[in-house]
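Look at the structure below.

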Amino acid sequence: MSLQMVTVSNNVALIQPGFSLMNFDGQVFFFGQKGWPKRSCPTGVFHFDVKHNQIKLKPAVFSKDSCYLPPLRYPAICTFKGSLESGKHEYIIHGGKTPNNELSDKIYVMSVVCKSNKKVTFRCIEKDLVGDVPEARYGHSIDVVYSRGKSIGVLFGGRSYIPSSQRTTEKWNSVADCLPHVFLVDFEFGCSTSYILPELQDGLSFHVSIARNDTIYILGGHSLANNIRPANLYKIKIDLPLGSPAVNCTVLPGGISVSSAILTQTNNDEFVIVGGYQLENQKRMVCNIVTLDNNKIDIREMETPDWTPDIKHSKIWFGGNMGNGTVFLGIPGDNKQAGSEAFYFYMLKCAEDDVTEDQKTFTCSQTSTEDPGDSTPFEDSEEFCFSAEANSFDGDDEFDTYNEDDEEDESETGYWITCCATCDVDINTWVPFYSTELNKPAMIYCSHGDGHWVHAQCMDLAERTLIHLSEGSNKYYCNEHVKIARALQTPKRAVPLKKPPLKSLHKKGSGKIFTPAKKSFLRRLFD
């Protein structure tokens with residue numbers, strides 16, 4: 001195992017806890033940055049270009065028939081082989097936290113439709129489910145098992161917000177363990193079925209899951225209700241006959257107590273567990289090697305890498321599986337020193353470079369990061385605050401310029417301001433008003449004075465007017481300042497009245513010109 005420090009050359013503020021990494025034929029893509037997405041990459045998917053220990057983030061491109069994919073944090077992700085003949089694979093994405101800090105219950109399927117030397121074009125499709133639909137959650141796992149020539153997805157664990165009827169102002173963002181149900185999801189027909197297994201009594205989240213043929217192994221995890229990380233090891237076997245599926249669960253010995261660990265595959269039968277937590281505020285510095293052989297699992301400790309002092313002394317860490325036996329790690333920087341980085345990043349190689357193509361495309365299902373609020377006493381907004389850096393993508397790229405100043409922490413963003421006396425936009429109750437809105441209310445800029453932002457909904461703007469003002473550079477004044485702005489306008493210059501010229505005094509029809517003396521006499525006469 002080798003540990004190497006890497007630097008992010010641009011837009012480092014995008015990389016925050018909760019992200020996911022996807023490996024398409026050796027190319028790694030970053031997904032799920034925290035903050036509100038902008039025009040340069042509205043889906044939050046970036047190419048993770050690693051060269052000479054430097055990482056460069058480039059926005060990904062999606063086909064025109066793709067659906068909207070929000071930048072989800074802490075989702076469940078796994079690979080799915082569409083057909084054994086083609087060898088291509090897709091990524092299944094379920095759940096996670098949206099930029100609005102709500103939870104998603106949607107399933108997305110990502111695939112590559114075009115690949116060139118410069119860019120990769122993705123297609124994202126949203127799958128509708130019927131039956132026992134899993135509730136919105138995060139920190140769970142989703143895997144694909146194969147049995148009797150068929151495949152099916154298996155979803156388990158996670159956390160969700162408490163029901164709306166129990167949510168108060170103080171406990172609005174309180175979460176609870178999801179019920180320990182096992183969901184079988186048919187991606188082809190969109191059917192979901194829930195199974196209750198007596199061996200699974202407590203809800204788990206941020207656990208490790210390993211799928212092999214028709215079997216899934218679940219180990220570790222955190223039980224929020226009991227605040228423990230049980231050293232359990234479950235073996236769930238799925239049989240897919242012509243009729244109803246058969247689901248069996250067995251409790252095995254030899255489990256480990258860990259949550260938020262990162263799993264990477266080193267060869268066909270071996271996996272390595274890196275990182276995670278063993279107690280509330282104690283990182284797990286030990287690495288484990290997991291061997292699967294003839295439906296048996298063996299977990300043992302292995303030689304740990306030479307951790308740097310920064311990694312040893314940091315309270316938290318996070319990361320993701322880059323594939324090919326490589327793990328991407330991040331730790332907080334020293335915020336006490338001026339000019340210090342918000343995070344330091346490392347690449348841990350757990351396997352040799354001669355990895356087969358099958359290993360490159362295999363990815364574990366479980367998300368690799370844990371909500372820091374669940375493992376440390378600090379709040380998420382306190383732990384991970386970033387100062388914006390005015391870096392951008394290189395000008396020679398064919399993408400729009402990305403500005404890090406646009407990426408704000410949702411707890412401090414101006415979307416939830418009180419823009420006027422009658423403003424009723426609330427972060428806890430807001431629902432989309434315009435069709436152009438995604439997960440945040442539309443805003444318009446008032447040009448009065450130094451300028452300020454107001455909600456388009458509070459200003460009673462028609463959607464057509466909102467789009468018109470957004471596309472152009474016209475100045476706009478809110479309801480409070482429009483009268484002041486009109487009063488300050490310079491009045492239009494009045495057109496002077498034209499005075500008719502003095503007509504020549506002459507006798508009509510005479511054709512004779514009056515002499516000056518006669519003209520003087522006539523003026524006195526008529527005056």
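A salt bridge here is a side-chain nitrogen of Lys or Arg within 4 Å of a carboxyl oxygen of Asp or Glu. The model is predicted, so local features need pLDDT of at least 70 and side-chain atom pairs count only at pLDDT 80 or more, while totals for chains, interfaces and linings use all residues. Residues are numbered from 1 along each chain as its sequence is written, and side-chain values use heavy atoms, with hydrogens and water left out.

The whole structure holds seven salt bridges. One of them joins the side chains of Lys106 and Glu126, at 3.3 Å from N to O. Lys106 sits in the loop between strand 8 and strand 9, and Glu126 in strand 10, so this pair ties together parts 20 residues apart in sequence. Strands are DSSP runs of E, at least two residues, numbered from the N terminus.

Another salt bridge, at 2.8 Å from N to O, links Arg212 and Asp269. Arg212 belongs to strand 18 and Asp269 to the loop between strand 22 and strand 23, so the pair ties together parts that are 57 residues apart in sequence.

Two strands pair if DSSP finds at least two bridges between them; strand 18 and strand 19 (residues 215-219) have five. Among these strands, Ala211 has Ile216 in strand 19 as its bridge partner.

Technical notes. Helix = DSSP H or I, 4+ residues; strand = E, 2+ residues; numbered from the N terminus.
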